Amino acid sequence: MRLLALLTLSLLLGGCSGMRLVESQVRSTAVATTERPIEAGARYRFERLPSQTDPVETDSVEAIAEAELAEVGLVRDDAAARYSVQITTRMETYVVDDWGRPYNGPRVGGSIMIGSGNIGIGMGNMVGMGMRFPPPSQYRHEATLLLRDLGSNQVVYETSATHEGPWNDRYNILRAVLAAALKDFPQPPAGSRRVKVEIPR
């Protein structure tokens, strides 16, 4: 029994120490410009919206975005920027039913029924005498990034990504969502696509 317990624990720890796959729905648009194409090493600065009043939150999001923008060859340079980068993010929570569909009913997902000499577990919306528990929560993470030419004030690149899943560690998921949003920069394929990014658990 002790050997079995140790083996089970090692399997659990091994699973927890692995990677997780974050899949996002991505849509990107590049505005064709023959005069000043986006080049590797181009400088940018962040542009904040009036509604972005929380400096700690905004600094955290910009730090994540700066790392992902560096991965595609852009360099932050507030003094000599050619572009401005505007980022908006959002996370919302919702509950799902047993089939993973958004659920708007009472937060009751099943019951544990204890009778005389018998223990049973029932799933669904029917609740008997016993312990109640809510349906599982899901989280929707969204990010939109606009790249604007400061000389012409024209948006030259727009991309957005959305991920829905069980994880609520927002900044880790945001890193994956932004990486997905910047996939194939600066020449993305047309239309919507799904992009998978691996991050640590």
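Buried residues account for 32% of the 201 residues in the protein chain. The model is a predicted one. The accessible surface of the chain comes to about 12,400 Å². Of this surface, 55% belongs to carbon and sulfur atoms. The secondary structure consists of three helices and 10 strands. From the N terminus on, these elements follow the order α-β-β-α-β-β-β-β-β-β-β-α-β. Contacts between residues at least 6 apart in sequence were also examined. Among these, 73% join residues at least 24 apart.

Seven strands form an open sheet with mixed pairing. Their order across the sheet is β3-β2-β4-β8-β9-β1-β10. Strands β3 (75-76) and β10 stand at the edges. Each has a single partner strand, so one side of each is left without a neighbour in the sheet. Strands of a sheet pair through backbone hydrogen bonds, in either a parallel or an antiparallel sense. Strand β1 (residues 19-30) pairs with strand β9 (residues 154-165) in the antiparallel sense, over six bridges. Within this pairing, V26 has A161 in β9 as its bridge partner. Helix α2 packs on the sheet and touches β2, β3, β4 and β8. The direction of α2 makes about 160 degrees with that of β2. Helix α3 lies across β1, β4, β8, β9 and β10. It runs at about 45 degrees to β1.

Strand β1 also pairs with β10 in the antiparallel sense, over nine bridges. Here S24 has V195 in β10 as its bridge partner. In a regular strand, side chains alternate between the two faces of the sheet. Strand β10 (residues 192-200) has one covered face and one uncovered face. R193, V195, V197 and I199 make up the covered face. S192, R194, K196, E198 and P200 make up the uncovered one. M19 is found in strand β1. M19 and E198 are 179 residues apart in sequence, yet their C-alpha atoms are 6.3 Å apart in space. Leaving out residues up to four places away in sequence, M19 touches E198, I199, P200 and R201.

Strand β4 (residues 83-95) contains Q86. This residue has a relative accessible area of 12% and is buried, because the cut-off for buried is under 20%. The side chains of Q86 and E47 are joined by a polar contact of 3.4 Å. Neighbours within four places in sequence aside, Q86 is in contact with E47, L49, T144, L145 and L146.

Side chains of opposite charge can pair when their charged atoms come close. The count of salt bridges comes to 14. One of them joins R148 and E47, with the closest N and O atoms 4.0 Å apart. R148 lies in strand β8 (residues 137-149), and E47 lies in the loop between β2 (43-46) and α2 (55-71). The pair therefore ties together parts that are 101 residues apart in sequence. R148 is buried, at 19% relative accessible area. E47 is partly exposed, at 26%.

A salt bridge also links E68 and R175, with the closest N and O atoms 3.8 Å apart. This pair connects distant parts of the chain. E68 sits in helix α2, R175 sits in helix α3 (residues 170-181), and the two are 107 residues apart. E68 has a relative accessible area of 13% and is buried. R175 has 35% and is partly exposed.

D184 and R193 form another salt bridge, with the closest N and O atoms 3.7 Å apart. D184 is partly exposed, with a relative accessible area of 37%. R193 counts as buried, at 13% relative accessibility. R193 also belongs to the covered face of β10. Salt bridges that share partners join R90, E92, R140 and E164 into one network.

How values were computed
Residues are numbered from 1 along each chain as its sequence is written. This is a predicted model: local features need pLDDT of at least 70, side-chain atom pairs count only at pLDDT 80 or more; totals for chains, interfaces and linings use all residues. Side-chain values use heavy atoms; hydrogens and water are left out. Helices (H or I, at least four residues) and strands (E, at least two) are DSSP runs, numbered from the N terminus. Buried means under 20% relative accessible area, exposed over 50%, partly exposed in between (1.4 Å probe, protein chains only). Contact means heavy atoms within 4.5 Å. Accessible areas come from the Shrake-Rupley method with a 1.4 Å probe; for residues, only the protein chains shown count as cover. A polar contact is a pair of N or O atoms within 3.5 Å; within protein, one must be able to donate a hydrogen and the other to accept it, and residues adjacent in sequence count only if both atoms are side-chain atoms. Two strands pair if DSSP finds at least two bridges between them. A salt bridge is a side-chain nitrogen of Lys or Arg within 4 Å of a carboxyl oxygen of Asp or Glu. Axes are lines fitted to C-alpha atoms, for helices over the stretch in contact, and angles run from 0 to 180 degrees between N-to-C directions.
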